[in-house]
Every structure is written in structure tokens, then in C-alpha cells.
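My notes are below the structure.

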Amino acid sequence: MHILITSAASATARVIADSLGDNHMIRLTDLSHNADGKMIANDLDDGSLTDDLVSGVDAIINVGFEGQTGTDTALMDYHTRCIYNLLYAAAGANVSRFINISTLRLYENHEENLVVTERWRTDPSAEDVAILGAHMTEAVCKEFARDRLIDVVNIRFGWPFVETNLPDSSHTAATSHGLIAATVNESLLIDLLEPWQDVHVQSPVKHQRFITNTAAKLFPNLADRLV
């Protein structure tokens, strides 16, 4: 597949790109002040440059959480206007799938004994613009999916990201790099029943905070790594 990965200078994008490069054609992009090397500099404005960016792409992997840094104003602009422009161009280019990398930190203020599933509404505080940005990106993506303009897999990963599985980790919502990469790869391949699919993913650790039943059903190849 021809895959576009956004916010390519971010740590999350590097984990994903490194895992997919052997089996797919990868196109990396980031905002002009971040892009380097083989990345395509693109500020995701409305126009031909963004149209060209998504031309010929089968799927887009968007880092919707902690992909960018900057002022609160710049981040909110990115997570709303820029993401809208990207999705609009993708829909016009008939990109078949949009995978949004979000975060289970959207629920971090909930008590840990609550059984939070994908059916729970996110309601983040406006005080943390990174988490609010992830919420806004999800909102923009969901509108495009509900209008059936593009299929979206919205993956909320647990935190922090760790290099290996840590069953005895004190982090009750940790996710390993390997599980991140495997989940994204499976998300490229699954058949969706609906154009919008939320899925919660974290590694199985001691006192695991979030259940991953939906992920295990969607990605049977990963079931033994989720429970």
C-alpha cells in the first residue's frame, strides 16, 4: 500500500514508519518547520499542495496526539483547520482509510476502577491543549466518517509508550512500541462494518487500567498480545 504518515518528525510517527517500511510504500510529511530529510514539507493549507500530498495514497496514518508542538493557538489551528484540510483532500482523492492515532489520556481523569469502553464519551479539560487537540482531531475525523466520505479507525493508545512489554510495570495503561506498530498494521487491513471505528489499545500490564475487548475482536491476530 501507499501510505502517508503525518507529523513524521514525532516519536510516534517514527515507531510506526520503522515498522511499516519493509512492506509498504511510505510517504512522510510534516509541517515546514519540522520537516527534514525525506519528509515532504507541507503546512496542510487548503489548496493544490495538500491535494498533491495525498494523490495516489491508499491510507493515511495521522498522529493526532503529541505529533506537534507550539503555542496553544498554533496547536488548536493544526488539530482543527489543518486536519480538516487533510481529510477534505483525502476524501477528494478517494483515499480509502484514515487511521487516527489518539490517546486514552482522554479518560485519565476518570477513576481507575471504572470500566471505560469505546462507548464512553470523551470530555477532556481545556487546560491541557495537547489532550484537547486530540479530542478536536477526533471530532473532525468523525464528521468526515459520518458523512461517509472516508473510513476512519480511531485508535486510542494507552500511555506511556514503552519499548517492550512490561507486565510488572507501575504504569497501568502502558503500551509497547511493538503493539503500537502491530495495531496500526492490522488497522490497514481489517474490514470495517461502519465508517467510524473507535478502538482502545494498551499492553497487558499488572492492574491494567483499560479493557481491550474491542481490539481483540477487531484484530484476532493480536488477541494474545492484548489480554
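The entries follow in the order in which I looked things up.

**Helix α4.** I worked on a predicted model. I checked the length of α4 (residues 129-146) first: its 18 residues should span 26 Å at 1.5 Å a residue, and the end C-alpha atoms are 25 Å apart, so the two agree. At the start of the helix, I found a side-chain oxygen of D128 within 3.1 Å of the backbone nitrogen of A130. After α4 comes R148, with a positive phi near 60°.

I then listed the buried residues of α4, among them V129, I131, L132, V140, C141 and F144. The buried residues of this helix pack against α3 (72-92) and the strands β4 (59-63), β5 (97-103), β6 (151-157) and β9 (196-201).

**Cores.** Which residues touch the most other members of the largest nonpolar core? I noted I16, I61, I101, I155, V184 and V201, out of 29 residues. Elements giving two or more residues to this core include β1 (2-5), α1 (11-20), α5 (177-189) and α6 (213-218). A second, separate core has 23 residues, including L86, L87, V140 and V152.

Beyond its neighbours within four places in sequence, V201 is in contact with residues including L104, I155, F157, L179, A215 and L226.

**Cysteines.** I searched the whole structure for disulfides and found zero. For C82, the nearest cysteine sulfur is that of C141, 13 Å away, where a disulfide needs the sulfur atoms within 2.5 Å. C82 is buried, at 4% relative accessible area. C141 is buried too, at 0%.

How values were computed:
Residues are numbered from 1 along each chain as its sequence is written. This is a predicted model: local features need pLDDT of at least 70, side-chain atom pairs count only at pLDDT 80 or more; totals for chains, interfaces and linings use all residues. Side-chain values use heavy atoms; hydrogens and water are left out. Helices (H or I, at least four residues) and strands (E, at least two) are DSSP runs, numbered from the N terminus. The expected span of a helix is 1.5 Å times one less than its number of residues. Buried means under 20% relative accessible area, exposed over 50%, partly exposed in between (1.4 Å probe, protein chains only). Contact means heavy atoms within 4.5 Å. A polar contact is a pair of N or O atoms within 3.5 Å; within protein, one must be able to donate a hydrogen and the other to accept it, and residues adjacent in sequence count only if both atoms are side-chain atoms. A nonpolar core is a set of buried Ala, Val, Leu, Ile, Met, Phe, Trp, Tyr and Cys residues joined through side-chain atoms within 4.5 Å.
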